Amino acid sequence: FVMRLMCSGRDFAWLYPRQDQVCFLEGHVRAFAHFGRVPRRIAYDNLKPAVARIVTGSERELTARMRALATHYAFEPCFARPATGHDKGGVESRGRVIRWQHRVPVPTGPELASMSQTLVAGLDRQVETQRDQRGRTIAERFADERAEMLELPQHPFRAAAAATVAVSPRSLVRIEGAYYSVPCRWAGLTVTAYVAPEAVTIVGPD
């Protein structure tokens with residue numbers, strides 16, 4: 001996941017085990033928390049986790065979860081023209097540079113989270129060193145940009161996918177092909193499971 005602030009040139013990136021809607025949404029939550037602010041407007045291509053249907057021109061029918069994310073943070077999602085890559089070329093090209101500068105050779109680590117933290121730290125070091133033609137660092141430009149961004153809401157968006165699941169007589173629930181044990185007193189009940197990129201949270205009646 002890569003998000004680039006086009007005014008300052010500041011980047012955020014995070015590694016995920018798969019490419020799906022939950023990881024896409026959680027990437028936003030992490031990026032906003034890292035920046036400490038929310039961009040007023042964000043440009044996307046017409047990816048399925050965000051767009052349910054292309055209507056006419058720039059009008060899009062958003063997926064329910066994408067609409068919930070945009071409403072929670074109060075930003076405006078806008079979308080590139082179909083089959084027009086240069087509409088968001090800044091982040092596309094930056095994603096390739098990040099791979100070459102920070103992911104080659106392919107790094108190793110105990111888990112994706114720690115490898116992601118190393119990646120973010122590397123990107124943040126460039127904030128103080130990279131300068132534009134006027135001699136201003138990314139950090140200096142970001143200070144101006146940050147003042148124009150939206151404040152974070154009181155609580156972060158819950159990006160995990162929610163599902164109701166039945167508990168078997170043996171106090172087991174099946175989620176995406178895996179079985180999880182829950183308290184015996186929940187046997188026979190229906191509970192809620194929140195599936196995040198790296199964790200599953202099961203919530204019962206108590």
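Predicted model: local features only at pLDDT ≥ 70, side-chain atom pairs only at ≥ 80, totals over all residues.

Me: Why is the pair of phenylalanine 24 and tyrosine 44 called edge-to-face?
Reply: The ring centres are 6.0 Å apart, and a pair needs centres within 6.5 Å. The planes stand at 65 degrees, and over 60 counts as edge-to-face, so the label applies.

Me: What makes this pair a tie between parts of the chain?
Reply: Phenylalanine 24 belongs to helix H1 (residues 21-35) and tyrosine 44 to strand E3 (residues 41-44), so the pair joins parts 20 residues apart in sequence.

Me: Why does phenylalanine 24 count as buried?
Reply: Its relative accessibility is 11%, and buried means under 20%, so phenylalanine 24 qualifies. Tyrosine 44, at 6%, also counts as buried.

Me: What is the geometry of the pair formed by phenylalanine 32 and phenylalanine 75?
Reply: The centres are 5.9 Å apart with 65 degrees between the planes, and this pair is edge-to-face. It links helix H1, which holds phenylalanine 32, to the loop between helix H2 (64-73) and strand E6 (76-79), where phenylalanine 75 lies, 43 residues apart. Both phenylalanine 32 and phenylalanine 75 are buried.

Me: Which residues do ring pairs link into a cluster?
Reply: The cluster consists of Phe12, Trp14, Phe35 and Phe142.

Me: How do you know that the charged end of arginine 10 sits over the ring of phenylalanine 142?
Reply: The charged end is 4.6 Å from the ring centre, and the distance cut-off is within 6 Å. Arginine 158 likewise has its charged end over the ring of tyrosine 194, 3.7 Å from the centre.

Notes
Residues numbered from 1 in each chain as written. Heavy atoms only, no water. Phe/Tyr/Trp six-rings, centres within 6.5 Å; stacked < 30°, edge-to-face > 60°. Helix = DSSP H or I, 4+ residues; strand = E, 2+ residues; numbered from the N terminus. Buried < 20%, exposed > 50% of the residue type's maximum accessible area, 1.4 Å probe, protein only. Lys NZ or Arg CZ within 6 Å of the ring centre and 35° of its normal.
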